[in-house]
Structures are given as C-alpha cells and as structure tokens.
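Colleague: Could you take me through the charged contacts in this model, with the criteria stated as you go?

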Amino acid sequence: MSKHSQAPARQGGGFDLGRILLEGRAFFALIAIIIIFSALSPVYFSTNNFLTMSSHVAIFGLLSIGMLLVILTGGIDLSVGSTLGLCGVVAGFLMQGVSFDMFGVTLYPPVWVVVILTCAVGAFIGAINGVLIAYFKVPAFVATLGLLYVARGVALLMTDGLTYNNLGGSPELGNTGFDWLGFNRLFGVPVGVLILAAVAIVTILALARTPFGRWVYSTGGNARAAELSGVPVKRVQVSVYVLSGICAAIAGLVLSSQLTSAGPTAGTTYELTAIAGVVIGGAALTGGRGNVRGTLLGAFVIGFLSDGLVIIGVSSYWQTVFTGAVIVLAVLLNSIQYGGRKKRVATPAEPKAPDNPSSPASSGNAARVTSEAESTAGKPATQH
Amino acid sequence: MASSSSRPAPACEPVDDIVLSARDVAKSFGSVHALKTVNFGVYRGQVTTLFGENGAGKSTLMKILSGVIQPTSGEIVLEGEPVRFASTTDAQRLGISIIHQELSLAPNLSVRDNIFMGREIKGPTGIDYAEEARQTRALMEELDEPIDPLTPVEDLRLGQQQIVEIARALSVNSRILIMDEPTSALSATEVEVLFRVIRDLKSRGVSIVYISHHLEEALLITDHAVVLRDGVMTAYARRADIDLEWIVRNMVGENFDLGSPPTGHALGEVALSLEDVSVADTAVPERSVVDHLSLEVRAGEIVCIYGLMGAGRTELLECVAGRVPLSGGRVVLEGEDVSHLSIAERIAKGLVLVPEDRQRDGLVQTMSVGENLSLASIKAFTRWLLTSGSRERGVVDESIANVHIKTDGPRAEIGSLSGGNQQKVVIGKMLATHPRVVVLDEPSRGIDIGAKAEVFKLLAEGAAKQGLAVIFSTSEVGECLSIAHRIVVMSRGHIAAEFGADVSKEQIMAASGEAVVA
C-alpha cells in the first residue's frame with residue numbers, strides 16, 4: 001500500500017538490461033550515433049559541429065514538440081511543413097514592407113510585430129485544423145492533409161514561386177534584427193537552439209504541471225472518459241492544433257532567419273520528420289503516451305544521424321534509407337513496449353464473475369496482481 | 001431444493017444423451033475465479049438453458065465451450081471423447097458454434113457474403129457466387145425466412161440478422177448452437193419466429209444452449225434448466241419439474257448482505273428533479289428510448305433504477321449527466337435548470353455520473369491510479385495555472401483512503417488493479433469533486449460481491465453523512481433490495497412501477513416485464 005512497495009513490484013525480475021535498453025532507447029541511440037560518427041570522422045566530435053548540428057535540429061525539434069502535443073491527444077498534424085513554409089513567406093513579405101497603394105505609403109513593421117503576425121498565421125492554420133477535427137469530426141489525417149496543400153498553395157501564390165532574399169531590414173526603416181532569430185548566436189549558442197530550449201521548457205511545464213497538460217494526456221488516453229470527467233475535450237483538441245501551428249510558425253521564422261531568405265517550398269516533408277522525431281521519442285501514435293524529453297531526443301537522433309552521414313560523405317540517397325530504417329525500428333520498439341501494456345490492461349478487464357466473498361482483498365492480493373501483470377509485460381518480445 | 005443437485009447427468013437421463021459436457025471446468029482471471037469447478041451437460045437435440053445473474057459465470061462457461069477461451073483446469077468432452085479447442089475455428093470444425101449477443105455480421109456485405117465469409121466456395125473463375133447464392137437460398141428457406149441472398153445485412157431487421165447468423169452456423173454443419181441472449185433486442189413477433197426456428201433445429205437433432213434474462217420466455221423454449229451462481233453450478237432440473245419461482249430462488253440464492261437503506265438522517269430538499277424527460281433513439285430519431293419520464297430525488301435519498309436491457313436506464317442517466325441531449329423536458333439540479341449545461345459545467349455544479357462501462361468511459365488506461373483519481377477535480381489544486389504536486393497528492397491520498405482502494409500507491413498503473421478497485425477509482429474520482437448528486441450506471445457491473453458490498457456501503461455513507469442524493473441503476477434484482485430507499489422499475493423508457501424498500505424480488509421482476517410472457 002505504501003509508495004515504497006511500488007519499486008520492487010515494478011522491477012519484477014530484478015535488474016533487466018533489456019528493459020532498460022528498451023525504455024531509454026532514444027538516448028542510447030543518440031549516444032551510439034555520436035560514438036560511431038566520432039570514430040568515422042575527426043570533425044564530428046567538436047563543440048562547433050555540435051552547435052551547427054543543433055541549429056539544424058532546432059527546426060525539427062520545434063515542429064516535433066508541436067506534433068507531440070497533437071499526437072498525445074491521439075491526432076496527427078500533417079500541415080506543419082507547409083505551415084512552416086507559409087509562415088516563412090509571410091515573414092519575408094512583411095519584412096519587404098507592406099505597401100498601401102491607396103494611400104501611397106509602405107509600412108515596414110518592426111521585427112517583433114512580424115514575429116507576432118507570423119505566429120498568428122500559424123495559430124490560424126492550426127485553429128482551422130482543430131475546428132475541422134473537433135467540431136466537424138473530419139479525421140485528423142484528412143483535415144491536416146488538406147491544410148498541407150492549402151498552406152503550400154497560398155505560399156506559392158504569395159511569392160509566385162520566388163524567394164524573398166533581403167530579410168535583414170535596414171536601420172533607417174527600423175526593422176532590423178530579423179537575423180537575430182536564428183542566424184545569430186547568443187553566448188556562443190545559436191539563437192534557434194535557445195528558442196527550442198525555451199519552447200521545450202514551457203511545454204514540459206505545461207504538460208507536467210498544468211490542468212491543460214493533464215487534459216491533453218487524458219484526451220489521448222481515453223477521450224470518452226475524459227469528457228465524462230469534465231475535461232473540455234473539444235477545446236483541448238483545438239488548442240493542440242493551434243499550438244502546433246504556432247510551433248511551426250516559430251520554426252518558419254528561425255529557418256528563414258538562419259537562411260536569411262524565405263522560400264515558398266521551405267519545409268516540404270518536414271511534417272514527416274517531425275512525426276518521426278515524436279515516434280522515435282517513444283510516444284504512442286494512439287495517444288496518451290509520450291513526453292518532451294523523448295521527443296527532443298528523437299529530433300536529435302534524426303538530426304545528428306543525417307548530419308553525420310553528410311559529414312562522412314555518404315550519398316544523400318543512402319541518408320534517406322537510413323532515416324527510414326531508424327523510424328521503422330523505432331515504431332517496432334514502440335509496439336513492443338506498449339504491446340505488453342495492452343495485455344496487462346486486458347487481464348483485469350475480464351473478471352465479470354464474482355470472487356469469493358472473502359475477497360475484500362488484502363493488499364498482498366493487489367500486489368500479486370501487479371507483479372503478475374508486470375511479468376507478462378516483461379516478455380512481450382515473444383509476441384512479435 | 002429437492003429437484004436440484006450440484007451435478008448434471010442425473011439418473012433419469014441416459015448418459016449418452018449428453019452430447020457435450022464440461023467436466024470440473026474452472027477458469028480464473030488472475031486472482032478472480034470466474035468459474036469454480038463446474039460440471040455442465042448439453043443434451044442432444046434439446047434446449048439446455050443456463051440461468052444466472054450477471055457475473056455468475058454464464059458467458060465464461062459459454063466462451064470455454066465454444067473455444068473463445070481455454071479453461072484453467074478441467075476438460076471438455078464431446079461425444080464421449082475429451083477435446084481441446086485452441087480457437088473458435090477448432091470448435092466450429094467439431095460442430096460447435098456460438099451466436100453472441102452482439103451479432104458478428106458485416107453490415108455492408110450481403111447475406112450470401114456473410115454466410116460464406118472466410119470460407120468462400122471457389123470455382124474455376126474465382127468465387128462461385130452462383131453456388132453460394134443457391135446454398136444461401138436453400139438455408140434461408142429451411143429456416144422459413146426467405147430473404148434474398150443479395151440483400152445487404154444492414155437492410156435487415158435485427159431478428160432477421162439473427163437468423164442469418166443462425167444460417168451461417170448451420171452452413172458449417174453445427175450440431176451444437178450456443179445462443180447468448182438471443183432475444184434481448186427482438187420484438188415479440190421476432191421472438192416467435194426465433195422460437196419456431198429453434199424448435200425446427202431441435203427436430204433436426206441440433207443441440208442448443210440458451211442464455212436469457214427473460215426467464216419466462218426461456219421457460220417456454222427450454223427442456224433443461226441449469227443455474228449458475230458466483231461461478232458455481234447451484235441447480236439442475238428438467239423443465240417439467242420446475243417453475244419460475246424455482247429459477248429465481250436458485251439464481252438469487254441466500255443473499256450476500258449488500259447493506260440496507262441508511263436511516264436516522266432526515267431527507268433534505270429535492271436535489272435532482274427530472275421533469276418530463278425524453279431522449280431520442282440515436283438510430284431512429286422518431287423513437288424515444290426515454291419517454292416523458294419524471295422523477296425526483298431528495299438530498300440524502302438513494303434511488304435504485306431497475307430495468308432490463310433496452311429499458312432506457314443508461315440513456316436516462318447519460319442525459320442527466322449531459323452526455324446525450326434531451327429531446328424534451330428539463331433536468332433541474334437544486335432548483336436550477338441544468339438541461340443546457342455541458343458535462344463539465346454540471347460537474348462544477350455538483351452533478352456527476354459514474355458511467356456503466358468503466359473501461360470505455362471511466363478510466364484513462366494510459367494514466368496512473370493517482371492521475372485518474374484527480375482528473376475530474378484538477379481545478380481544485382491548481383493555482384496560477386500550475387498544479388500543485390503536494391495538493392494533488394493530498395486529494396489523491398484522501399480519495400484512496402475514502403473509497404478504500406487497494407493499490408501499490410498513486411503511481412501504480414490503473415490496469416494493475418482488480419475490477420472492483422478500478423470501479424472504486426472511477427467512483428472516487430467523481431466523489432473528489434464534492435458532488436451533491438451522484439448518478440451511477442450499474443456500479444456493480446463486473447465486480448465481485450465483496451467489492452459490491454463495499455461500493456454500496458460507500459454510497460450509503462455518502463447519503464447519510466453528507467446528504468448526497470444517489471441514483472444507481474442495476475440489472476440484478478438482488479441489488480435493488482440493498483441500500484435503496486426507493487426502487488424505480490423502468491420498462492421501455494417509462495417508469496413501470498415505483499416501490500419502497502420493502503418490495504419483494506418477484507414484484508420487481510413482474511413490473512420490469514421480466515416475468516411476463518413475451
């Protein structure tokens with residue numbers, strides 16, 4: 001009954017190397033990647049390279065965190081890559097100055113206004129997704145697939161397929177500082193990485209310490225039960241897509257700042273990389289399981305792997321193959337991890353029949369059920 | 001109990017008349033014993049009916065006989081030979097088919113395709129549809145239900161769908177047919193058709209195992225009666241030797257004490273008032289599953305709603321909680337109309353529902369015991385956006401102590417708890433919101449009798465000490481006569497009768513339509 005009795009019950013068979021490797025797989029994968037590439041290339045293991053790679057990871061990391069929120073509720077957001085592209089273009093458009101022919105003036109909004117407007121665009125796209133999914137019951141896959149096309153199309157229309165190049169602004173217009181968002185470094189660290197860290201910390205807090213976080217997990221775990229417990233399930237669903245859109249907008253700002261240009265095709269297929277990061281991080285696509293720490297590890301695994309392959313000179317075709325293999329392996333391990341749990345839930349669900357009347361069971365009885373369930377979970381590998 | 005014995009195979013029946021039997025069969029799920037050494041025989045060419053309350057082990061026994069699950073111990077003997085079924089396919093090959101309460105037909109496919117699903121007849125150019133249709137037509141004619149083989153199953157009435165399911169069982173040459181609650185969703189005329197089909201099957205030597213909650217209806221068709229209670233076979237008799245009273249007596253048995261209505265506290269004001277409430281059927285919006293029903297419950301009062309499946313209990317309780325919309329009438333909580341409030345708003349005002357199906361509607365399986373317990377009351381320990389871990393811990397520990405949950409601690413997985421403790425988590429979660437009115441849909445479903453008694457004790461205490469208004473529903477007559485001050489019997493969306501705590505089981509069953517010939 002006490003909290004102390006839990007640890008031995010959880011361990012089941014004592015020190016279990018397989019289980020530790022399984023639970024910490026994203027972490028061990030990252031370590032393995034770093035060791036292997038450091039051995040293969042002398043340039044890989046250096047602070048500078050890590051910072052460069054991290055600034056690449058920042059883009060995927062931001063998208064992955066937004067995606068994690070959506071996936072935790074049991075949804076999916078395919079539109080983030082396009083949203084990133086559109087938001088970059090919107091930022092570029094605003095930096096060029098908005099001219100009002102009617103009044104013969106051109107407005108050059110300062111960078112902070114650009115940032116807010118761009119995030120609003122991302123939030124708006126997310127809101128469309130969320131409302132379609134929560135209130136009009138459009139399957140998440142279809143709704144966000146539609147927005148994937150729409151957002152990309154709008155980005156292409158806005159630019160006629162061209163790229164905005166001069167995002168630096170000028171001091172006399174008072175709109176300098178765009179390059180600060182991703183291109184510059186603060187204390188030697190790329191600003192994009194710092195933004196990722198900030199977003200990650202806020203998300204960790206939100207998930208662990210706010211009612212909203214609990215609502216996200218419960219919506220994904222069992223939306224029916226959550227609703228009957230008073231969780232505003234529909235509002236939660238809309239919120240996560242809005243947040244995912246905002247994350248994509250931030251990623252779009254960081255990326256166009258890093259490149260000092262904003263192209264309408266930026267971020268193509270990034271949604272898939274973001275999903276891969278979440279999945280490698282151990283989240284369940286069925287919702288309810290996953291965390292920011294794992295997702296960040298997942299994003300770093302993908303980023304460090306593909307950058308490593310570039311550094312040692314492997315062809316980009318092979319990079320695609322490797323990334324795909326890592327994703328499949330990750331999903332395979334996820335189903336091993338969560339497959340065992342399903343069995344565990346199913347067992348106590350069965351007993352329709354009454355126990356003997358004496359069963360106001362001793363706590364020892366309850367503990368036994370746990371350890372039995374644990375031991376079935378401990379050998380799920382045989383099921384697959 | 002002169003006519004009962006603890007074992008089948010009574011002397012008056014020749015032994016070779018038993019085509020299929022379970023010998024000393026027991027089944028446990030973890031620490032829960034669903035069946036305890038049951039002996040059961042199926043008589044050749046006759047109907048053997050299995051009686052018992054919910055949770056008595058009927059379905060478990062049937063699942064064992066049809067190969068859905070394997071017994072923990074004991075053996076199954078078919079035609080004198082011990083057999084083992086690894087799966088339903090195994091059992092089917094040996095001529096045993098089960099027709100579940102929820103039909104397992106593909107509604108989008110035709111009658112023909114459903115009957116031959118998974119074992120299509122192959123011709124030289126793929127599936128031989130003509131032959132399949134011919135055989136289907138022959139089967140349906142045999143059953144006196146000449147449905148066109150190409151009709152999609154979704155266009156058929158439920159009774160006809162059931163006959164399609166029977167036809168499918170016959171098409172694999174089933175000699176033994178297990179029917180689990182086949183009449184629960186049928187109209188009276190459809191029941192007649194089904195009974196005619198059953199008699200016809202008997203005359204062709206098919207043995208039938210029948211399970212039903214409609215006792216008198218089952219007595220019309222059965223040849224043998226077997227009663228299960230708490231996983232033990234308590235009685236067996238031939239139809240000719242028994243009557244309704246015998247079945248009820250053996251089913252219910254000497255009651256485990258589930259408590260008595262709490263007394264010594266004055267009932268308060270009317271806490272919940274249902275005024276002319278109607279709920280439309282989701283499938284057929286013109287039809288009402290709850291039909292102009294009015295009911296008042298006072299603070300400190302416990303009301304039990306009894307009714308058979310389809311009587312509208314669940315729909316009534318879900319509309320009270322805000323899960324399904326009203327099609328008419330009002331729900332009034334302590335003088336305030338809450339009919340248009342959301343579930344969350346009703347919880348905030350003190351009206352909570354403990355749903356019927358705790359796996360589907362009650363628990364979040366991905367979260368721990370503690371997180372489940374605090375889910376509905378999370379606002380109570382939130383300050384400035386952030387939840388307080390220590391305050392949450394307080395709420396959770398209090399809940400665990402209040403509703404006596406046996407767990408390794410708040411961080412234990414919800415799936416590690418027994419059914420009864422899981423149910424207590426759902427109840428504890430709703431009680432943690434400090435409600436005024438608690439509505440529980442079948443709170444005793446699928447939990448053992450000790451846990452049942454604890455749950456009822458909890459509710460009785462809540463009513464007596466905190467002045468909670470409690471409404472709970474049940475499909476077990478014995479539970480009506482526990483803690484309820486008032487027993488409301490529902491039938492077809494109406495209140496069929498209302499009793500005080502001094503009512504008898506027979507009166508309740510008569511009012512619900514259970515003991516009335518269909």
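Colleague: Which residue meets K349(B) in a salt bridge?

Modeller: In this predicted model, local features need pLDDT of at least 70 and side-chain atom pairs count only at pLDDT 80 or more, whereas totals for chains, interfaces and linings use all residues. Side-chain values use heavy atoms, without hydrogens and water, residues being numbered from 1 along each chain as its sequence is written. A salt bridge (a side-chain nitrogen of Lys or Arg within 4 Å of a carboxyl oxygen of Asp or Glu) joins K349(B), at 3.5 Å from N to O, to E336(B).

Colleague: How many residues apart are K349(B) and E336(B)?

Modeller: K349(B) belongs to helix α10 (residues 343–349) of chain B and E336(B) to strand β17 (residues 336–337) of chain B, where helices (H or I, at least four residues) and strands (E, at least two) are DSSP runs numbered from the N terminus. The pair links distant parts of the chain, and the separation is 13 residues.

Colleague: Is D361(B) buried or exposed?

Modeller: D361(B) forms a salt bridge with R360(B), the closest N and O atoms being 3.3 Å apart. Buried means under 20% relative accessible area, exposed over 50% and partly exposed in between (1.4 Å probe, protein chains only). R360(B), at 42%, is therefore partly exposed, while D361(B), at 1%, counts as buried.

Colleague: Which residue of chain A is linked in a network of salt bridges with E318(B), R323(B), R360(B) and D361(B)?

Modeller: The pair R360(B) and D361(B) belongs to this network. E318(B) and R323(B) are also linked in it, and the member from chain A is R224(A).

Terms used: Chains are lettered from A and ligands numbered from 1 in the order in which they are written.
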